[in-house]
Structure formats: structure tokens, C-alpha cells
Amino acid sequence: MKIYSMTATFGKLEHQTLTLKPGLNVIEAPNEWGKSTWCAFLVNMLYGLDTRAKSTKTALADKDRYAPWSGALMSGSIDLNWNGRDITIQRQTKGRLIFGEFSAFETDTGLPVPELNGVNCGQMLLGVERSVFTRAGFLKLTDLPVTQDDALRRRLNNLVTTGDESGTGDKLASTLRDLKNKCRYNRTGLLPQAEAQRQQLENQLSELASLQQDILRLRHLQSDKEAFLADLENHKAALQYAASLEDANRVKAAEAAQVAAQEIYDSLADSCDGLPSYEEAQQALDSGRALQQQLSDLQMEQRLLPPLPEMPVAPSCFQGLEPQDAVAQAKADHSAYVSLQDQRKGFNSRLWIGYAAAFLVSLGGLFLTPALYIASAVVLVASVFGIFAFVRKKNQGFDKEAQVITGKYPGLNPESWMAEAQSFAAKQSAYQWNLENATTLRGDADLRMAALQEKIRKYAAGDELEICLDRWSQIIAKQNALQMAQRDLEQAQKHAQALRSMLKAPAKPVVDDHLTYSEADTTSLLASTAFDLRQTQLKLGLYEGRAESLGQEALLRTQLKNVTRRIHQLEDTYSALELALNALSAATTELQRRFAPRISKRAQELFGQLTGQRYDRLALSSDLSLNAGAENEDTLRPAQYRSDGTVDQLYLALRLAVAEELTPDAPLVLDDALVRFDDTRLAAAMDILRTLGEDKQVILFTCQGRESRL
């Protein structure tokens, strides 16, 4: 297939056209020109746009990444030559189907190409799946290492093992494995199914034999249960006959009890004749008990009243005085006492002043004649003694008056007379207040007690309250006894009537009864035996139904024989398939030894040309990684030991070798794949691409001018 031109409204491309020619096309353009966009456009035009892919934080889906910048609908067309026919393919957006409406027609006539559609277009035109083309015939700098892909691995494996990439050997092996798995795959397949069927038939036969034994046992058990149930029914009839005789005796006893109850009732009715009714007696008793309770409460209240306060003892100085008089007396006595003390001090002061004057006069006699001096001295001495006598008598008078006053307050300091009087007055006031309160409380209780005693007197009509209450209690007791006798009589009548109504006369059992169970045990045994019989019948029915559902034994044994024969046939088939797969594996191994070096050899030739024959050995491992060795190296080394440029050249050689084998008819597209090549190796690479361009179309996108100059 060769491309003439591509027209795209795709990403930054807006109705732009890229024209190509057969052979090698070198398209030089700066970064951000759209080289990668044209590459993505070509792949999506051939294989379609995956609209189910979702954008993530680290990668955009193609539907979002290449949405037209102008806001127009994504569309495009490619003019190409396929198998000698000029064809145009187109894709455009319609509704929500982004880039999904496909058409293919002959460029000159416009006639549709029916063998192409939106799904198989790339597979039909290029002969390979999308993943194979993007890894073998579509080379970018970041994708030069050949990563494992199932489709690419399968095609390479077919190519190096059978020499044919069509996959006929794989298909044959897959068919054999499918047939083998159809026979047996783990626990599935025809053989496990047949074995399970055989096991099921064997289980059915075993279960059928066990059921037949259980059915026979249950039938014997059913017969025994039915016979025992008949014996229990006969025993129950015998017990009922014996019970009927006892019931007749109980009826006679009940009728006698009824007569006795009637006699007791009549006697009590006579004793209650003329007495107040039960309601009247109960009302009177309740009233008396209420009065009794009130009396008890009031007596308790009186006992709980506080006692009368004790009169405080008056001090001897205030005996017979009222509190206010005691205070007045203390005040007057204190004033009189203070006045006496003041008078005594004043008298003594004046006396001493006179004495001092007389003494001074007598001293003046010293300056007189001796006779006058002696006379003045005698007068002075006489006056001194006279003064002392007068003072003593006067002070004794003061002391007597003071003793009269202080004698009223023995042992008390005159300064405390008022405090003592006030304390006495306060105690008297408190006593009077407490006395008045206690008297008031007692006076109210006494009045209420008198009123209550009057009520009790009227209620008891002169009798003691307890005697009256006892009399009403006896009346109530007689009325209660009469009511109880009436109830006993009614119950005896009902009991006798009920026994008479229940009295039956069952017939005597015909069959002799040999069982000794009580009536309760008989009833329990009847219920349990009947239940066991029903359960036995149900179980027998289930077993018989299950045996019937399992089928006839002869038919089951025939089916088991047929299944066993089929298992033997499937086991033979399974063994044959294993032999066939082993033979195919041996053949594949032989073919691999013959064709495995094919791609490695071509990649080694190309790598030698790219490196000026510096590296003369190359090996491709099973995971599609490469090991290479230079002419002066003893061992092969992985690509990690080489420079970045050498690694690019190593994987370019492998890519070109794979592209020659897997995509011989597809264009070879390179997007900045030679950026890290030096000038010498770039020239070698351009020579290889020019040579490849003689057989297929080569499209080289580059951001530098070295390729164009070369």
C-alpha cells in the first residue's frame, strides 16, 4: 500500500493536506508543526478512534487530545493505492460518533469498496493488527525498543517457527487444545460430565437399593403401629366405662353435698333474721373505725405537744419584781451609788484643802513670838485631830449608805447590775411568749378532743366505742357467713347439675383389655402413636415416591452400561489428542531450530551497516530484548550497557527487520526516530531507508535538516 495524500481536520490541523510520493519521503518541520499529529491521524484513519478510552490525570485519550482546535468536527481522508487500485478512505464525525462514520470508494469512479469498513480497514490494507503496525511499521524515538505485545509476539513466533506468519500452526495447536479441553479441562468437559453421570447413576442404584430396604422396614413398622393403636383405643373405651361408674358415684356425693349446703344456709339465714343488712353494718363499722382513728390521732397529737415552759428563777436582788421594775431599780441604785461616790470624793477634796490652809497659817506662826507660835501649834494639832474625827464619821456615813445599796446585789459588781437586770427581763419575756404559745396549742387540742368525745358518745349510744365496733363486726361476720353459705349452696347446685349433665353410660368393651396404662398415659400414647403412624406413613410415601422418581433398576443399569462405554471412548480420544499435540510440539521445535535465526540475522546485518560493522553479533531473546557484541568483546551484553545512540540503532535494526517480515506492504513511518544518531551513523541509516524505499513507501518526519541534506 502506498499513500498519495492525507487531508485532515484533526487536532491543530485544520483542512491541511500532506502530499507524499513513492519511496523515501523526508518531511522536515520544526517542533510543534504537527508531525506527531499527522502520525496519529494516519493510525486513527486506518484503524479507527477508540471513543471508549477515558482521559486521566497523566494521559489524554485521543478523542480529547486531537479534538480540532477550531471547534470543527473531526474528519479526514486519505488517497492511496492498494493492490493496484486507487482508493479514497474517509472518516468524519456524525452526532456522538466521533470520527466513526467511515466510507471507502475508488478515487476515479466513486464506486464503493465493499470489502473495506470502519473496523477492518487497517487489517485489510496493511495485513496486520493495529498493535503490530504501531510496533513494527510505525517508529518513534520513544518507542524504538520492541515491547511485548500479544499480536506481535504471535506473529513473530509463527514466523520464526513455521516460516509462515499466517498462524496455521497456531490454529492447528489451538484446535487440538480446544478439542482436548472439550474432552477434559480441570473439572469441565465431556469426560468429566460423563464420569459425573456415571457417578450419579451409581449413586441412584445404591440409593434405590437402600430405599427398598427402608420401604420394607417401614411397612412392618406401620403394621405394628396400627395394631398398637387399636389396642390403645380399646383400652381407652375400657377406661371410659370404668370412669362412668365413678361419675355416677360422684353425682350422688354432689347431691348429698348440696343438701348439706342447703341446711347450713337455712340455719345462718335464721340467725341473721332481723339484723341490719351487710351494707348498713359495714357503713356503721367504717364510721366507728373512722372515729376510733381520729381519737387515736388526736391522742397522739396531744402526746406530741411540747411541755409547758419552766419559769426562770429570779435573782435574789429582783425577787418579787416585774422585769421592767427590776431594770428601773437597777438603774436607780446604780445612779445612787455613783452619786455617793462622787459626794465622798468632793468632801474629802474640800477637807484636805482646808487642812492645807490651816497648816500654812500655823507655819506663819513661826515668824511670831514664841508664845504665839506655841499657841498656833496647839491650835493646829487640835484642828488636825478634829478634822480626822469629822472625816472619819462623815465617811462612815457614806459607807453605810453605799452598803445599803450594794447589799441588794451580793457578789455583783455595780457595773453589772444593769446587765443582770436586762438578762432577767429577757428571760422573763421569752418565758411569757413560750407559755402563751403552749397554752394556745393545748387549748385547741382540748377543744377538738371534747368535740370528738361528743361524737363518739352519740355514735356508741352510751356504750364503749370498742364494744360497739365489736358488735358491728359480729353482724358483718354473720352476713359474710350467710353470703358464703349462699355461694357454697349455688356452687353445690351447679356442681351436681354439671355432673348429672356429663354423666354418660358407655357400653362395656367387647374385647378384653390387657393394658394397664392410666387415662393420661393412654391419651398421651394415643396422640404419640397416631403421630408416629402419620410420620411413618409420610416417610413411607416419600421413600416410595423417591424410589419411583429414581426409575426402574433395569433401566438404570442399562444407562450405566452405556455411559461407561462412552467414558472409555472419550478416554481413547483424549489420549489421541495428547499424542497429536506432542507430535505438533515436536514439529514446531524442529521448525524453530530452522527458522529462529531469520530475524536475528537480518537485524544483525542492519545493525552492522548502521555501526560501520563495529558490532558483528546480535541475539534476540524470547522477551524480544536484544543482546549485542562488538568485534573486540568476548560476550554479548544487554542494551543497558550501550550508549543511548547505539541503543537507538540497535532497536532500529530490529524494528526494520521485523517490519520487513511482518508489514512488507505497509508504509514505514518514522517520527524523529534518528535524532540521537551521529552524522556517520545517520548517513548509514539514510542509505538503509533509501534502499527500503525501493520496495515500500517510507515516511520520515524530522525536526532537523541533516536528513534532507543527506
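Author: Asp672 sits in the loop that runs between β11 (668-671) and α17 (679-692); helices (H or I, at least four residues) and strands (E, at least two) are DSSP runs, numbered from the N terminus. The model is predicted, so local features need pLDDT of at least 70 and side-chain atom pairs count only at pLDDT 80 or more, while totals for chains, interfaces and linings use all residues. Residues are numbered from 1 along each chain as its sequence is written, and side-chain values use heavy atoms, with hydrogens and water left out.

Most residues other than glycine have a negative phi. Asp672 is not a glycine, yet its phi is positive, at about 50°. With a relative accessibility of 16%, Asp672 counts as buried (under 20% relative accessible area; exposed is over 50%, partly exposed in between, with a 1.4 Å probe and protein chains only).

Phe99 also has a positive phi, near 55°, and is likewise a residue other than glycine. Phe99 belongs to strand β6 (residues 97-106). Its relative accessibility is 1%, so Phe99 counts as buried.

Turning to helix packing, the axes of helix α7 (residues 190-271) and helix α13 (residues 519-550) come within 8 Å and cross at roughly 155°. Axes here are lines fitted to C-alpha atoms, for helices over the stretch in contact, and angles run from 0 to 180 degrees between N-to-C directions. α7 and α13 are therefore roughly antiparallel to each other (angles over 145 degrees; under 35 is roughly parallel, 65 to 115 roughly perpendicular and the rest oblique).
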